[in-house]
Every structure is written in structure tokens, then in C-alpha cells.
Amino acid sequence: MNRTQLKRSSILKMALSGSETMDPVGHGETFFFRAVRIAAVVAFYWFVSITMVFLNNYLLDNRELDAPLFVTFYQCVVTVGLCWIMQLLSSLCPGLIDFPSVKFDAKTSREVLPLSVVFICMITFNNLCLKHVGVAFYTVGRSLSTVFNVLLSYVILKQTTSVQSLLCCGVILGGFWLGVDQEGIAGSLSWSGVFFGVLASAFVSLNAIYTKKVMPAVDGNIWKLSYYNNINACVLFLPLMLVFGEFGRLVSFSRLSDLGFWSMMTLGGVFGFAIGYVTGLQIKYTSPLTHNVSGTAKACAQTVIAVVYNSSSKSLLWWTSNMMVLCGSSAYTWVKSLEMKKTPYKVPQDPDKETLLGEKSNMGV
């Protein structure tokens, strides 16, 4: 089975089930070989994800160029270009590289457009949160995705959530507010960063809803969806950049002809594209549930690295807030996996009525 052809509904179902048997690759291989391969894949995922966050923080924290929309726009351009390159390589080396045909179709682009609007809000608010709060507080600042998943499941999809899941959300909310309180006490709190983090979390959940709606338009192919999403985003970002005056800042930017600046910008786009690949790779060779656990551990390591790198001194309660967020999110994933095992999965007649999950893969990314 070509995993890029899996519909999001199937991926979400497997993410809850925590099945370790989804990948038939590895029969007849020694335990040592499988263990080394899994360790290498997990390490690769950690490297790409953590590097991408720090690289984006570096690009967005540029004091000479205050243009977060342009940074995000350029990364979308790089993603579209990489899709074209991957399609070309796939046609030249079909046995080595598997990538779908991504020829542009105006009708498909229009069908994906509602998702693209949500998508640009999600990535823009995500980057603005990172810009204002930094990497150390980023995990807490962007921690409410799970809570919004539960909230929107009830408000929009009319689905209830178990008491155990609500308790996990309560722990996440407690960690979030404790983190905000401790940042305020330390004098490093950015209310605008917190505001953008909350909005980013909300749009992550909305993105899940609209992804389900438009997946049939791209034949359930996540790479096709990424291609059309980023093409639409490139167009939609242009008027936004004009309205917020970023074109004027670009013209007066002293490093506009600096090769080093464009190299870092391009590298940020490459890592943004690569995170989709390494996420799928980690799920393939472990399981969706293991991927969620790995993402939580990665977020913890990312926070520690940021604190050490910046030579920051954090209080015990600040660290407690991070652990509450991470433990609450991990517990939510575990509870939902147990619930999924107890209840046989049924494909709903209305694809919009699927339960929204608190996927940890987006956390800290």
C-alpha cells in the first residue's frame, strides 16, 4: 500500500488505535536491525523537527526585517518548487522515489481553497507565536490544540468526549495558565505571543476539519493536498503582505541581495517540506501512537535545548507547567487509543462527523 495514498480519516483512526502492525516491512529481519532502523528514523525526525523550529525562530527574529508573512510566503514557494522537483525525480527514478503527479488543475485548486484560507491562518499564527514567545515557551504557548479539538468536536461535529479525556484537557489547561503566570512573573511574557499561540491552536483544529472535507478532491493524497494548499497560499499571501506593508520593508532591507540570507530562507522551506516526509517515515517504521510519544519527548528536549542555549534560568513552577502540558497531552493520546480499541471503528456516512484527535505531531513543530 502506498502510504501517501492513505486518507486522513484512515491515518486518524490508526493514530488512535496505536497499532504496531501497520507496516509489513521487516518480516524476516533481526530484532537488532529493526531496533537500529527505528532509532535512526526517530533520531532523524527529532533532528529535522527541532532544527526547523530553531531555524524558523532565527528567521522570524531578524531585527532588520520584520516581515513574518514574507518568511511564511517564501516557505510555501519552496514547498511548491520541491513538489515539482520530487515529481521530476519520481518520473526519472520510479523505483527509488514515489511521488504523485502534481499537474495544476484550476477546479481542484478552487475546491482546496477553503482549506488554504485556514492553512495560511494556521501557519501564520504559528510563526507569529514562535516569533514573540521564543522556542523555550513555544511548547506551552501552542499547547491548546488538543483542547480545541475536543471543543470543536462538540460545537461543530456534535460529538461528546469522555470524562477521562476532559480530565487530560484540564491538566493541559492548568499547565498552560501556570506557564503564562510564570512567564509573567519572570517578566518575559508576551501577551501577543500567547494570543497568537491560542489562535494557532484553534486553526490547527479547524485545519483537521477542512482537511477531511477536501481530501476526496485530491484523491486522498496528502502530497497533492500539500501542493495545492501551498500554491493557493502563495497567491493569498500577496495581498496580505501588501496590506501589512511588508513589501516596503523588503525594498528597504539591506540584505536583500545577500546569498546567505536567501540560503537560510530556502533551508527553512526545505525543512518545512521535510517534516512531512520524516513524520510519515516515523509512523511507517513505528506506529502512530509511538510517533505521538516521540513528538512529546521531542517537545520536551526542544524546550531544554532552548533554555540551555539561551542560558536562561527557569523556576520549578515554570518547568512544572511544561510537564503538565506534555503529560496531559500524552495521557490524552493514551486514553483515546484505549477508547478506540474498545469501540470498533465505523466509517461515518458524513466524513465531517469524524472525531477530531489531539495529534501530538503538530506540537513543537
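Reader: Let's start with D219. Is D219 buried or exposed?
Author: D219 counts as exposed, because its relative accessibility is 52% and the cut-off for exposed is over 50%. Keep in mind that this is a predicted model.

Reader: Where does D219 lie?
Author: D219 is in the loop between α8 (191-214) and α9 (222-243).

Reader: And what does D219 form a salt bridge with?
Author: The partner is K224, and the closest N and O atoms of D219 and K224 are 3.3 Å apart. D219 also has a positive phi of about 60°, although it is not a glycine.

Reader: Is D66 buried, exposed or partly exposed?
Author: D66 counts as partly exposed, at 39% relative accessibility.

Reader: What about E111, what does it form a salt bridge with?
Author: With K107, and the closest N and O atoms are 2.7 Å apart. E111 and K107 both lie in helix α4, four residues apart, which is about one turn of the helix. E111 is partly exposed, with a relative accessible area of 33%.

Reader: Let me zoom out. How many helices and strands are there?
Author: The chain has 13 helices and zero strands.

Reader: OK, and how much of the chain is buried?
Author: Buried residues make up 52% of the 365 residues. The accessible surface comes to about 17200 Å², and 68% of that belongs to carbon and sulfur atoms.

Reader: What about contacts between residues at least 6 apart in sequence: what share joins residues at least 24 apart?
Author: That share is 85%. For a pair of positions to look at, take V304 and V135: they are 169 residues apart in sequence, with their C-alpha atoms 9.6 Å apart in space. V304 lies in helix α12 and counts as partly exposed, at 35% relative accessibility.

Reader: Which residues does N207 touch?
Author: Not counting residues up to four places away in sequence, N207 touches L115, V118, F119 and M122. N207 lies in helix α8 and counts as buried, at 13% relative accessibility.

Reader: Switching to aromatics. How many aromatic pairs are there?
Author: The structure holds 17 aromatic pairs. In one of them, the rings of Y74 and W262 have their centres 5.3 Å apart and their planes at 55°, so the pair is tilted. That pair links distant parts of the chain, with Y74 in helix α3 and W262 in helix α11 (residues 259-285), 188 residues apart.

Reader: Are Y74 and W262 buried, exposed or partly exposed?
Author: Y74 is buried, with a relative accessible area of 18%. W262 counts as partly exposed, at 24% relative accessibility.

Reader: Which residues do ring pairs link into a cluster?
Author: The cluster is made of F70, F73, Y74, F253, F261 and W262.

Reader: How many disulfides does a search find?
Author: Searching the whole structure gives zero disulfides. As for cysteines, C83 counts as buried at 0% relative accessibility, and C129 counts as buried at 0% as well.

Reader: Last one, about the surface. Which residues form a nonpolar patch there?
Author: I85, L88, L89 and L92 form the patch, with about 380 Å² of accessible area together. I85 sits in helix α3 (residues 68-92) and counts as partly exposed, at 47% relative accessibility.

Methods: Residues numbered from 1 in each chain as written. Predicted model: local features only at pLDDT ≥ 70, side-chain atom pairs only at ≥ 80, totals over all residues. Heavy atoms only, no water. Helix = DSSP H or I, 4+ residues; strand = E, 2+ residues; numbered from the N terminus. Buried < 20%, exposed > 50% of the residue type's maximum accessible area, 1.4 Å probe, protein only. Contact = heavy atoms within 4.5 Å. Areas by Shrake-Rupley, 256 points an atom, 1.4 Å probe, with all protein chains shown as cover. Patch = residues over 30% accessible without salt bridge, like charges linked within 9 Å, V, L, I, M, F, W, Y side chains within 5 Å. Salt bridge = Lys/Arg side-chain N within 4 Å of Asp/Glu carboxyl O. Phe/Tyr/Trp six-rings, centres within 6.5 Å; stacked < 30°, edge-to-face > 60°. Disulfide = S-S within 2.5 Å.
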